[in-house]
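Please keep the coordinates open while reading.

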Amino acid sequence: MGNLFGSIQNAVSSMLSYQQVIEVIEHNVANASTKGYRRQEAILTPGVPTSTARAGGNYVGQMGTGVRVDYIRQYNLAFIDAQIRSQLAESSKWELSSNILSQIEATFDETGDDGLIPKLDAFWAGWQSLADDPANMSLRINLIQVSADLADAINNRVETLNSIRQDQNNAILQSVDEINSIATQVAKLNTEITKAIGVNESPNDLIDERDRLLEQLAELTGGTVNIQENGEALVTIGGHALVVGSNAFELTTTRDSNNLVQISWEADGRDFIPNSGKLAGLFEVRDVTVPEQLTGLKELAETLTEEINEQHAEGYDLNGDEGDEFFVFSTSGDYYFNLKLSDNLDDPAHIAAASSEDSPGDGNNATIMAQLREALLMNGGASTFNSYYNSQITAFGLKVKEANTKSSDSSVVLSSLTEMRDSESGVSLDEEAGNLVSAQKSYQACARVLTAIDEMLEVLINGTGLVGR
């Protein structure tokens, strides 16, 4: 009778084990579309056998005690996760660079009529036309208009570039807040995960949540991760610890003389310089790419102003007066500057097209001005104004192409790694459906065993009585 009651225990524990198997399958199905979720499986193991030896030899050997759930397995490929995090950092860096550089390229529209090269061509053509008919007021008005268009084109580019630079500056500030928040969450999860592992639990969902955060961190900073024996994630960026156990070491920000955000480690004050990830792309655009374009524009505008003003002062206007300033160049910082026409040119007669006094028909100075188009005055005497800017735009175009290519290539690699991981740890609804049927039939079989034992006990208890009655 004791064995029958033991059999009841075996059947009940087996039913509970298969119930947990079904619950794990249900959890998988529910999270089939959850980003970052890794498939789980209830691993079954036989119960500890017991000795069944009895006096008289009616029982021999050992009897099993059913089945139990040993642990909940999580399908996880740590080495692929590390590769994905590394590739995420590269992919996000180049994707950001590609998007911003393409935005700048589209804004400048150098291949269209609003490009700076066509504006320069129209400026030189305006001087040449005036040289042929210096007393023509329509040509003088046209020259003023194309000169103003050229100045506006340069100013618009300066404004756009500085606006983009400030956008990246704000994005850097927001990224620091996001990094600190993620680090704090990872540190908290480290504590919860190690606590669960310490009592032989499987904190798979907590690990999934932490891995999602670690991927976000890698995407932002290129941070590297090492999982310790106790389950903690040690996170470093550029060799500096960000998360150690339950401790998060935060980043702090300051602003330099140009109001640009600089990042340092709060604990020791060391500069934070990311080598990959979105943040590295933001720094690259803000501190290298945009300043290169602004520096080129500043040199073009400043040199153009100096050369045009110097030659204009050598000439005479329709009133016989010496030429005054043509362009006015002003700057309020390394990368903030403005180019405009002199207020003196509100009257087109003040354009000094003549080389001699009181000679309205003399257009020699306008001719010299037009010839400045071919003068090697830029890049240390190696380039004209047009060729200098054309070289700058060509170099920028190559940088855009490089960013686009690397963004595309890294995206392909990342997609391949993600597919590889999903094939191992992703949820297949067809596979789960098959597992569910198998677990359900095992549960039903255990229930049938329990029914059979119940019938045996009924016979034993109710079908026996006193002899003779």
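**Salt bridges, turns and a cavity**

At 41% relative accessibility, D70 counts as partly exposed, where buried means under 20% relative accessible area, exposed over 50%, and partly exposed in between (1.4 Å probe, protein chains only). Its salt-bridge partner is R68, with 3.9 Å between the closest N and O atoms; a salt bridge is a side-chain nitrogen of Lys or Arg within 4 Å of a carboxyl oxygen of Asp or Glu. R68 is likewise partly exposed, with a relative accessible area of 38%.

The model is predicted, so local features need pLDDT of at least 70 and side-chain atom pairs count only at pLDDT 80 or more, whereas totals for chains, interfaces and linings use all residues. Residues are numbered from 1 along each chain as its sequence is written, and side-chain values use heavy atoms, with hydrogens and water left out.

The structure holds 13 salt bridges. One of them joins the side chains of D211 and R38 at 3.0 Å, N to O. This pair links distant parts of the chain, 173 residues apart: D211 belongs to helix α5, and R38 to the loop between α1 (2-30) and β1 (40-46). Helices (H or I, at least four residues) and strands (E, at least two) are DSSP runs, numbered from the N terminus. D211 is buried, with 6% relative accessibility, and R38 is buried at 4%.

Another salt bridge brings together the side chains of E292 and K399, again with an N to O distance of 3.0 Å. Because E292 lies in helix α6 and K399 in helix α8 (residues 385-425), the pair ties together parts that are 107 residues apart in sequence. E292 is partly exposed at 40% relative accessible area, and K399 is partly exposed at 23%. Salt bridges that share partners also join R38, D81, D208, D211, E215 and R421 into one network.

Helix α6 (residues 277-312) also contains Q311, which counts as buried at 18% relative accessibility. Which residues surround it? Leaving aside neighbours within four places in sequence, Q311 is in contact with N365, I368, M369 and L372, contact meaning heavy atoms within 4.5 Å.

The backbone deserves attention next. D109, although not a glycine, has a positive phi of about 50°; this residue is found in the loop between α2 (78-108) and α3 (116-132) and is partly exposed at 32%. N200 takes a positive phi near 60° in the loop between α4 (137-198) and α5 (204-221), and N200 counts as exposed at 75% relative accessibility.

A further positive phi, near 70°, occurs at N259 in the hairpin of β9 and β10, which has five residues between the strands. Strands β9 (residues 251-255) and β10 (residues 261-265) run antiparallel and are joined by five bridges; two strands pair if DSSP finds at least two bridges between them. R255 has V261 in β10 as its bridge partner.

Rolling a probe the size of a water molecule over the atoms shows where empty space is left. On a 1 Å grid over the protein atoms alone, a cavity is a set of points where a 1.4 Å probe fits but cannot get out, and lining residues have an atom within 4 Å of a point. The count comes to one cavity of 30 Å³ or more. The largest cavity has a volume of about 30 Å³, a volume being the space filled by probe spheres set on the points, which are joined across faces, edges and corners. Its lining includes P134, R140, Y316 and D317.

Notes: On a 1 Å grid over the protein atoms alone, a cavity is a set of points where a 1.4 Å probe fits but cannot get out, and a pocket is an open set with protein on both sides within 12 Å along at least five of seven lines; lining residues have an atom within 4 Å of a point.
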